[in-house]
Amino acid sequence: MSGAAREPREAVFGPGERVAVLVPAPLDGPLDYRVPEGMVLAPGAIVEVGLGRRGVIGAVWGPGTAAMADDRVKPVRRVLEVPPLGAPLRRFVARAAEYTLTPPGQMLQLALRVPDLANPPQGRIVYRLAPAGLPPGLRVTEARQRALDTLAGAPEGLTAAAIAETAGASPAVLRAMVAAGALSAAREHRETPYPALFGQAAGQHLSGPQEAAASTLRAAVASGGFATLLIRGVTGSGKTEVYLEAVAEAIAQGRQALVLVPEVALTPAFLARVEARFGARPAAWHHGVGQAERRRLWMATAAGEVPLVVGARSALFLPFRRLGLIVVDEEHDGSYKQEDGVLYHARDMAVLRAAEEGALAVLASATPSLESWANAEAGKYRRIDLPERFGPAAMPEIRLVDLRGDAPPRDAWLSERLALAIDRRIAAGEQALLFLNRRGYAPLTLCRNCGHRFACPDCDVAMVTHRLRGRLVCHQCGRTAPLPRACPACGRDDRLSECGPGVERIAEEAARRFPGARLSVLSSDHVTGPQEMRARLEEIAEGRVDLIVGTQIVAKGHNFPRLTLVGVVDADLGLHGGDLRAAERTFQLISQVAGRAGRAEKPGTALIQTANPDHPVMRAILSGEAEAFWAAEAEARLAAGAPPYGRMAGVILSGPQEGPVWEVARALGRGRGMLERAGIELYGPAPAPLARLRGRFRVRLLAKAPKGAPLQAALKAWRAQVKVPGAVRLTIDIDPQSFL
DNA sequence: AGCACGCCGACT
DNA sequence: GTCGGCGTGCTC
């Protein structure tokens, strides 16, 4: 058994000694506390201490310092009866805090977010046969006999409710027998264990390339040390089956595995797939999991009893004891970036945690993020390619439709070529999908008389007409307004013009162009919740739909088994605008959508409408040869001062007025010498503010640090040089780039 | 993050 | 004359 490397035995702290305790406050480091009489603390112990005038839960971080006078050092109040945090988890918290420029105490909170950690539930009363046997002279009635028989078959004990159900013996019967000494009653809060997974059993049949990849992964897990592996597997290549073999190996080694999935993908369908491989459902961790289950799972991971957790990004902070494998599925997915509160990127933190645990990190995607690709190129990650589809489904044929030569008619957005292809598929009884990554009916409304443009008053972006909701909607901040009947500037009511398409408008065009086709529109406006989504997907899977019209919710996770044609209405949509990742994101999104075609027995086709067929993104999508694209994109980023390696931090200033925001930005820019002395380059402030958002002006600066530079300390000193007025907020955004 | 302390407007 | 606004500042 090659578990995590044995940690050297750690010192414990006894009465009179000082310990450093990391508390949930945005401090630079832990605070000193005194160990009171009768208490012994090990590093990682979870304790309650006084902070200000309140009590907080923190973790023992190490020996205290001598810096503070004795009379100011408070005692540790109590130790919680939960397992201490292991050394690898503590190192992970410290490094993650350092890396994401987050105070370590706040990072620790992510690992301590368990319901009722401080106040363990009372538990339940469990009855057992008395160890001494039946007392002589016990009157054994029928009900008593039934209870005794039932308990004889349950050495681990049963609750009163369970006995009542199976033996038909009331609590009164049990109480009387406890009083007579025939039974013992004990309060216990033992949680129901998670089922074992039978990972050792052979999985389903794997194709040649799959088996080769799987054996590489198994060997990497078995070797028992840290490494990062990037699996690039095209849609349908069966990379899930491959990494589940790595999970099996970890379980066989007696270690735990964690599979991270993007928020949207944590579906019962995915859990069922895992169940099919392992014979039992894995533990699931996501926002929807309730309090009792969260507590149960936290305790069980800390005890090393859960073989596999499938979870959203926050599962990274569970207190695994023997973690041997972390898989990040769809590693390019944007939802791995935590945007509010503590900022972190789960893909990078997964690599970090694996490094501390001596585990294997597996990043899986058909379209890896640029930084993962660059890390693989640089030799930091091993890379495995799964170039083929598994099973009968061939790769879809991808074709570009040049909109300059095949322009759709006025007020229509489907080219003749795409429309005819859909006609053919529907006539053949097959299913087609039209993809447009824009919600609503029309993205822009203009007055043709005076030129007035309907914009969000808070955000400087056009408001999108949503006919379904009957409102104008700002896609930036969510603000809505009634649909206009006349121009508010010139009063004319006959010159308003809705420009461009959203999915609603494409659905309207499709209904006109393909009369009789059964349409299903999938967008967050049309699908109200997960239960409706399930019903809609079922309807599609059963072939009760001919044509799907959808936004990017069709790109993620869900499988469309009957789909043979994908039409991308406007592939150029995401290419414009100042986002450094525009090309990368477009490539990923279009590739994912195109890959939905032809998972059925019949070969699939993707027709991609673009006005820029020579754009590197389109060429890469067309050829499926992404290598050149990634290399070119890495070059472009390098030229733009944001290479896909090294550490980046975005410094965002925002405020209700433009002037003060700019003053602070310029003052910070003038103080860049302090950063440069630490080897950190500062880019910006950019000549124009980013778009106004929610009524606030925003300016962004970018700091880039070489490996090993003290980014956190330098940024702190740098920002302390400039006084920031109360109206201006300064936030540091991580734009993490994998670094290991 | 909390929760203090600390100085300026509308209220019993 | 107080209650209360949220602007700085500290927490072993």
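Predicted model: local features only at pLDDT ≥ 70, side-chain atom pairs only at ≥ 80, totals over all residues.
1. A polar backbone atom of Asp-32 is 2.6 Å from a base oxygen of DNA strand C. Two elements each give two or more residues to the surface near DNA strand C, namely strand 2 (31–34) and strand 3 (46–51). Strand 2 provides the largest share, three residues.

2. The residues around DNA strand C include Leu-27, Leu-31, Tyr-33, Gly-50, Leu-51, Met-68, Arg-72 and Val-73, along with the Asp-32, Gly-52 and Lys-74 discussed above. Of the atoms of DNA strand C that come within 4 Å of the protein, 54% belong to sugar and phosphate. By residue class, this surface has six nonpolar, three charged and two polar members.

3. A separate point concerns strand 13 (residues 323–329). Seven of its seven residues are buried, so strand 13 is largely enclosed by the rest of the structure.

4. Strand 13 pairs with strand 10 (residues 256–260) through five bridges, and the two run parallel. Strand 13 is likewise joined to strand 16 (residues 360–365) by five bridges, again in parallel. Val-328 of strand 13 can be followed across both pairings: Leu-260 stands opposite Val-328, and Val-328 stands opposite Leu-363 in strand 16.

Terms used: Residues numbered from 1 in each chain as written. Chains lettered and ligands numbered in written order. Heavy atoms only, no water. Near = heavy atom within 4 Å. Polar contact = N/O pair within 3.5 Å; in protein donor to acceptor, adjacent residues only side chain to side chain. Helix = DSSP H or I, 4+ residues; strand = E, 2+ residues; numbered from the N terminus. Nonpolar A, V, L, I, M, F, W, Y, C, P; charged D, E, K, R; others polar. Buried < 20%, exposed > 50% of the residue type's maximum accessible area, 1.4 Å probe, protein only. Pairing = 2+ DSSP bridges.
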